[in-house]
Amino acid sequence: MDKNWIQDRLKQILGPERVLAGELNHRMYSYDSSFLARLNNYIPDAVAFPASTGQVAEVMKFAWANNIPVTPRGAGTGETCGCVAVRGGIVLDLSPWDKIEEVDTANMQALVRPGVIHASLNEHLESHGLFFPPDPGSSRMCTLGGMVANNSSGLRAVKYGTTEHYVLGLEVVLPDGEVIITGGAACRAIKNVSGLNLTQLFTGSEGVLGVITLIRLRLWPRPGARGMIMAQFRRLADATPTVLEVYRGGILPSGVEILDDSAIRAVNLYYPEAALPEEAEAILLFEVDGNPASVQWEGEQIAAIAGRRAIRVEWATEKGRMAGLWQGRSLVAAAAARLQPGSTRIFAGEDICVPLSRVAEALEQIKALGQRHGIAVVNFGHIGDGNIHTAPVIDPRDRDQVARAARLVDEIHRLAIRLGGSTTGEHGVGAVRSCYAREEHGAALDTMLKVKRALDPKNIMNPGKIFPGSEGEQV
Amino acid sequence: MTRLSVKELETYLNRCVRCGQCRSVCPVFGVIRREGAAPRGKVYLAHEMLHARIPLSAEAEKHLSLCLGCMACSRECPTGIPVHEIVYLARSRLAAAVPAPARNLLYTRIWTSPSLLSGAVSLARLLQAGNLLGPRLTSHLPRNLLNTAALQRPARSMLGEVYQPPGPAVANITYYIGCGTNFLFPGLARQAVSVLTSLGCRVKVSKDTACCGLPHLAAGLPETAAGLLERNLAALTTAGADAVVTDCATCYSTLAGDAGSSLRVLDLNQLILSLPVNPGRFKEVPPRRVTCHDPCHLSASGGTDWPRRLLASIPGLTLTEMTGSAGCCGGGGTFMLRHQEISDALLKQKISSLNATGADTVTTCCPACMLQLSRGNPGLSVIHPVQLMSIQL
């Protein structure tokens with residue numbers, strides 16, 4: 001379909017200022033953080049910036065009538081190519097639509113538009129003594145629409161769960177332009193088991209079922225105190241039993257993070273002042289939050305449990321010292337590239353989640369896979385819930401390295417399934433992990449496809465995502 | 001003034017994982033809200049241009065002009081990519097490919113020669129003062145050129161060569177006067193000289209130096225910029241003072257960044273803080289509520305503490321911090337002329353933070369910021385901290 005015609009029609013629907021102009025501008029919507037987007041050139045035919053539910057509905061009606069693919073997009077910080085128009089068509093950039101419609105303090109909830117930045121919401125809620133607990137690393141730039149669509153989370157998921165635990169209701173524009181409200185049309189209740197749970201159907205649906213235009217979020221009281229415990233282990237195998245013993249001790253930390261020896265080495269290369277111990281095979285970081293007395297008690301307990309196996313343990317509640325203990329974790333993503341000069345970290349195979357009991361095994365095997373394929377890997381992540389972020393480090397100009405990295409990440413994904421885990425813990429499927437859907441879900445994939453066909457029989461909503469290529473085409 | 005080689009450029013461009021963290025700090029993106037305006041978008045564009053997948057076109061030039069050079073993204077980038085330098089380098093490739101004879105004449109012939117620049121500004125000043133351009137001609141000029149401070153008789157021509165302190169000299173200083181102070185705020189230069197001499201400095205006014213070269217670098221003319229820098233550093237080194245001082249954060253970062261071990265370049269606040277001050281020497285100033293705007297180049301040089309410490313030493317002042325004191329005011333040199341609406345939007349944000357403090361005075365250490373802030377709120381006094389000190393003399 002002619003892109004100029006699509007753009008002209010969109011201008012008639014939305015007004016010229018809400019439709020992207022200029023050939024070059026469209027190229028900037030060809031990427032997110034994924035390596036797949038970097039290897040390809042998925043330039044959309046048009047980019048629109050609707051700022052009302054009515055406008056989104058009008059765009060969807062137009063797309064529906066003309067069989068044009070539509071890809072909703074937030075800040076484009078994802079790692080799965082999820083917000084990239086891999087089949088062309090229209091990208092809906094919802095990030096400028098960033099109004100916090102209401103903070104209903106009496107009912108502990110907020111109504112927000114999809115473009116609201118995660119950190120902005122929490123800053124806004126601070127004066128109300130409330131917060132929205134999921135905390136992605138991209139807090140300062142990612143949008144809540146993107147978080148809901150990907151059911152994302154962060155290090156505090158271990159205690160607070162993921163985005164889905166906080167979505168009470170959604171306003172969604174369906175592929176044909178119809179607008180529905182899930183979770184009760186006028187509902188402000190916190191609990192609601194009436195009807196099929198459409199809210200959870202759309203949460204994590206990655207834009208393949210409709211466009212999220214309003215989010216009703218559950219808020220929690222903001223904890224008053226925080227503590228940080230760091231423990232260094234000579235043997236990686238000592239890290240997981242320590243985490244399990246903390247849980248058995250009746251403590252649920254708000255975060256449990258791990259850096260393995262590859263991450264320790266990378267941080268030291270990047271920032272020698274961090275001086276992380278190179279003789280350690282693992283560093284664990286626990287965060288606890290709550291009231292000051294419970295933080296004190298939990299901090300002491302965790303330090304004592306970790307002390308049974310660790311070579312060094314330190315814990316703090318003072319802000320500056322906590323930042324010091326956290327330093328290694330905060331630097332590791334940027335530091336990864338230092339393992340191999342002239343190279344870069346790529347986002348591929350970076351988000352597997354394995355059973356807690358098999359984290360150490362997964363880390364060992366990923367390391368072995370890296371060696372077998374001759375690709376440097378840095379491992380870190382949310383060990384508290386088994387979510388491991390692997391950062392392959394390659395020279396993207398080197399075709400051989402790119403091919404070896406592709407084989408490596410394929411094996412990492414299959415390893416996760418084999419260990420009884422998932423190919424993705426919090427980043428999503430997008431276009432990069434759809435090929436594992438059959439292996440991961442078996443017959444359940446057919447039910448997913450039935451849902452997709454029922455809501456989007458024309459397959460115009462974010463095509464090429466979640467469902468494996470050949471099966472997705474049959475939608 | 002770092003100048004990236006193509007090889008370094010490629011390494012940096014490869015390192016960008018497009019995480020988008022720069023979206024959270026870029027002032028221009030904050031106004032436009034289109035991915036193309038995000039630093040990530042500009043890095044992508046530079047990458048595609050380098051690999052010849054995007055032609056060196058006027059459209060690409062327009063895209064890359066949407067950068068203030070504030071460096072917020074370069075400081076924010078988790079992988080340490082100097083985005084502003086990538087933008088400057090990309091602009092230089094465009095400058096070589098997309099002809100702009102008038103601009104080239106201005107930057108390479110006039111703005112490199114102190115005498116020609118002075119002559120050109122004098123002519124412009126006469127036209128401006130006599131209102132000789134007439135409505136037909138002025139309608140073609142950027143609105144922000146007409147509503148800013150009036151051009152002045154250059155400081156360099158008004159000041160003498162050398163100023164002696166009343167007593168024995170505690171330091172031998174060369175005063176480097178940048179273009180902003182020279183043509184727009186000569187009063188600042190005069191006051192700086194009197195404060196320095198009263199503090200015991202022998203001040204030599206540098207007359208044989210030219211523009212620091214940052215405007216040229218930002219305009220995509222790195223060779224011209226390097227030539228100016230080399231010439232200035234040679235002249236300042238020959239002057240043989242204890243230190244070179246400048247009142248402009250941009251000139252400071254440009255000169256100090258490349259000065260070798262034989263040349264000590266200081267920001268004016270920084271120099272004053274290092275001098276022995278007799279507390280009885282200065283009078284108390286009438287009560288004033290002051291707030292501080294941090295120029296981007298001062299933030300990048302790590303000097304935001306200097307003006308605050310200087311202000312704290314002046315009795316009678318109350319310093320009230322504004323939210324986002326380091327947020328760019330939207331001046332960005334010629335950016336305020338080329339992208340008036342974005343510049344105005346940023347200025348509006350800045351003025352609203354300024355007004356919220358209830359301050360009657362805002363200090364800043366960059367004549368370009370002074371120029372921009374002055375057109376934001378006529379009721380506000382916009383000055384360099386040293387001008388508050390001069391009131392005490």
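Predicted model: local features only at pLDDT ≥ 70, side-chain atom pairs only at ≥ 80, totals over all residues.
**Stop 1: all of chain A**

Start by selecting chain A and switching to a cartoon view. You will find 17 helices and 18 strands in this chain. Its radius of gyration is 23 Å, close to the 23 Å given by the globule rule for 475 residues, so chain A is as compact as a globular protein of that length. Of the 475 residues here, 55% count as buried. Look also at who touches whom. Among the contacts in chain A with a separation of 6 or more, 71% are between residues 24 or more positions apart.

**Stop 2**

Now select strand 1 (46-48), strand 2 (70-73) and strand 3 (residues 90-93) of chain A. In what order do these three strands lie in the sheet? The order is 1-3-2, the sheet is open, and the pairing is parallel. Strands of a sheet pair through backbone hydrogen bonds, either parallel or antiparallel. Strand 1 and strand 2 of chain A are the edge strands, each pairing on one side only. On average, neighbouring strands in this sheet are turned by 25° against each other, direction ignored.

Zoom in on strand 2 and strand 3 of chain A, which are joined by four bridges. Pick out Val70(A), and you will see Ile90(A) of strand 3 standing opposite.

**Stop 3: the helices packed on the sheet**

**Stop 4: two residues with positive phi**

Select Asn67(A), in the loop between helix 4 and strand 2 of chain A. Its phi is near 55°, a positive value in a residue other than glycine. Then jump to Glu206(A), found in the loop between helix 8 (198-202) and strand 9 (211-218) of chain A. The phi of Glu206(A) is near 55° as well.

Is Asn67(A) buried or exposed? Asn67(A) has 11 C-beta neighbours inside 10 Å, so it counts as exposed. Glu206(A) has 24 such neighbours inside 10 Å and therefore counts as buried.

**Stop 5**

In soluble globular proteins, nonpolar side chains tend to be buried together. Show Ala48(A), Ile90(A), Leu284(A) and Val332(A): of the 257 residues in the largest nonpolar core, these touch the most other members. The largest share of this core, eight residues, comes from helix 6 (residues 83-97) of chain B.

Centre the view on Leu284(A). Leaving out residues up to four places away in sequence, Leu284(A) touches Ala231(A), Ala239(A), Thr242(A), Val256(A), Ile258(A), Ala306(A) and Ile383(A).

**Stop 6: where the chains meet**

Finally, show chain B beside chain A. Here 22 residues of chain B are in contact with 25 residues of chain A. On the chain B side, the elements giving two or more residues are helix 1 (6-15), helix 3 (39-50) and helix 4 (58-64) of chain B. Colour that side by class to find six nonpolar, nine polar and seven charged residues.

Definitions and conventions
Residues numbered from 1 in each chain as written. Chains lettered and ligands numbered in written order. Rg over C-alpha atoms; globule rule 2.2 N^0.38 Å. Buried ≥ 20, exposed ≤ 12 C-beta atoms within 10 Å, placed from the backbone. Contact = placed C-beta atoms within 7 Å. Nonpolar A, V, L, I, M, F, W, Y, C, P; charged D, E, K, R; others polar. Core = buried A, V, L, I, M, F, W, Y, C linked by C-beta atoms within 7 Å. Pairing = 2+ DSSP bridges. Axes fitted to C-alpha atoms, helices over the stretch in contact; angles between N-to-C directions.
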